[in-house]
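Hi,

Here's the structure I promised to pass on.

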Amino acid sequence: MSDNSDFFSQNAIFIEELYNKYLKEPDSVDDIWKKYFADLKENVDDFNNYFSGPSWKKRGNKIVGYQDKVKKDVKNSKTESNNQFNDLTVKAIQLIDAFRIYGHIAVKLDPLNLNNSAFPKELDYKNYGIKDEDLEQKIYLNEIFGQNEMQFKELYQHLLNTYSGRFAIEFSHIDNLQEREWLRTKIESDAGVINLSKDKKFKILDSIAKVEMFQEYLHTKFPGAKRFSIEGGEGTITALEEIIQTSAQDNFKEIVFGMAHRGRLSILTKVINKPYYAVFSEFKGGIFVPDDINLPGDVKYHLAFSSDIEIDGRSIHLTLTPNPSHLETVNSVVLGRVRAK
């Protein structure tokens, strides 16, 4: 192989499976690959342990020989019209993989439909040779979406809801197979449906509205002042509040946060409960520490804060660490603080 053009992350699974095939039967792979694998200084035992996967979920091939496996499973399953069923299943698997990789491109982020963007052909079932009359056919899924069989039209709706619904999911770039499979299982277990109560929806709206009003006030009252607005990322507030609520219910006693500048003031006030008047005072040049403590000042979007909040009768301590000037050390500051405690 004169270059390494085949060695990038999207081909990692294929190369691993090909190497596993070579270890079992060297003559079963192409001569070029055979020579390449023969020159490797790989520890075979380590590779076999890695490739086989954890004891609770053994790994199977997803590319090399996978189409033959699908055909074999289809043949052994209790289905009708084997030939048609078999062909449609292979096409459906191609479509499922396309949604996992490109589904986020078609996510519905424009509630007013002002954009009128074309639906990606990669996600159109007709692009895979599937006809409208095939929509009523059942296909073999091997526990995808928790089912062995499903009508194609039902599968397609699940894919649209899960990967091209109201929020975007993108995970195919993750190199670690176990992490990627864990995410895929979690994502597909609920078929993209998020059921929120009316009260929960009102709480989310109230939270986002308060953040928006805070940002608008800062923009109006202190024009030109640096504030690193959270505008466009308000959902972060809702996500953090949900994490804190779940953690409190699981008897967590303390959470330590670290973050960059963007949205920091909103998280300090709305999530960590730093008083709004303290932030406004800092915009006017004040320092939110007692006068008798000799501390140097810092820009308001670097400052830290801690508080205790009550959730369902449980107290949890929240800390947002000071923001270091070099953002690559944010995580190190958090880890050091937690380890020291």
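A word on naming before anything else: helices (H or I, at least four residues) and strands (E, at least two) are DSSP runs, numbered from the N terminus. This is a predicted model, so local features need pLDDT of at least 70 and side-chain atom pairs count only at pLDDT 80 or more, while totals for chains, interfaces and linings use all residues. Residues are numbered from 1 along each chain as its sequence is written, and side-chain values use heavy atoms, with hydrogens and water left out.

The overall picture

The chain has twelve helices and five strands. Of its 341 residues, 36% are buried (buried is under 20% relative accessible area, exposed over 50%, partly exposed in between, with a 1.4 Å probe and protein chains only). Taking contact as heavy atoms within 4.5 Å, 62% of the contacts between residues at least 6 apart in sequence join residues at least 24 apart.

The pocket

Helix H8 (198-221), helix H9 (235-249), helix H10 (264-271) and strand S4 each supply at least two residues of the lining. By type, the lining divides into eight nonpolar, five polar and eight charged residues. Here Ala, Val, Leu, Ile, Met, Phe, Trp, Tyr, Cys and Pro count as nonpolar, Asp, Glu, Lys and Arg as charged, and the others, Gly among them, as polar.

How many of the eight residues of H10 are buried? Eight of the eight, so H10 is largely enclosed by the rest of the structure. The buried set includes Arg264 and Lys270 as well as Leu265, Ile267 and Leu268. Among the elements covering H10 are H8, H9, helix H11 (276-283), S4 and S5. Asn273, in the loop between H10 and H11, has a positive phi of about 70 degrees although it is not a glycine. Asn273 is partly exposed, with a relative accessible area of 43%. Asn251 has a positive phi as well, near 65 degrees, and sits in the loop between H9 and strand S3 (254-257).

S4 (residues 305-311) has a covered face of Phe305, Ser307, Ile309 and Ile311, and an uncovered one of Ser306, Asp308 and Glu310. S4 runs antiparallel to S5 (residues 314-320), with seven bridges joining them (two strands pair if DSSP finds at least two bridges between them). Ile309 has Ile316 as its bridge partner, and Ile311 stands opposite Arg314. Two residues lie between the strands of this hairpin, where Asp312 takes a positive phi near 50 degrees. S5 also runs parallel to S3, through four bridges, and Phe257 stands opposite Leu320.

The cores

A nonpolar core here is a set of buried Ala, Val, Leu, Ile, Met, Phe, Trp, Tyr and Cys residues joined through side-chain atoms within 4.5 Å. The largest has 27 residues, and Leu95, Phe99, Phe152, Leu155 and Leu159 touch the most other members. Helix H5 (82-102), strand S1 (138-144) and helix H6 (152-163) are the elements that give two or more residues to this core. A second, separate core of 26 residues includes Phe214, Val279, Phe305 and Ile309.

The C-alpha atoms of Tyr102 and Glu122 are separated by 7.4 Å, with the two residues 20 apart along the chain.

Cheers
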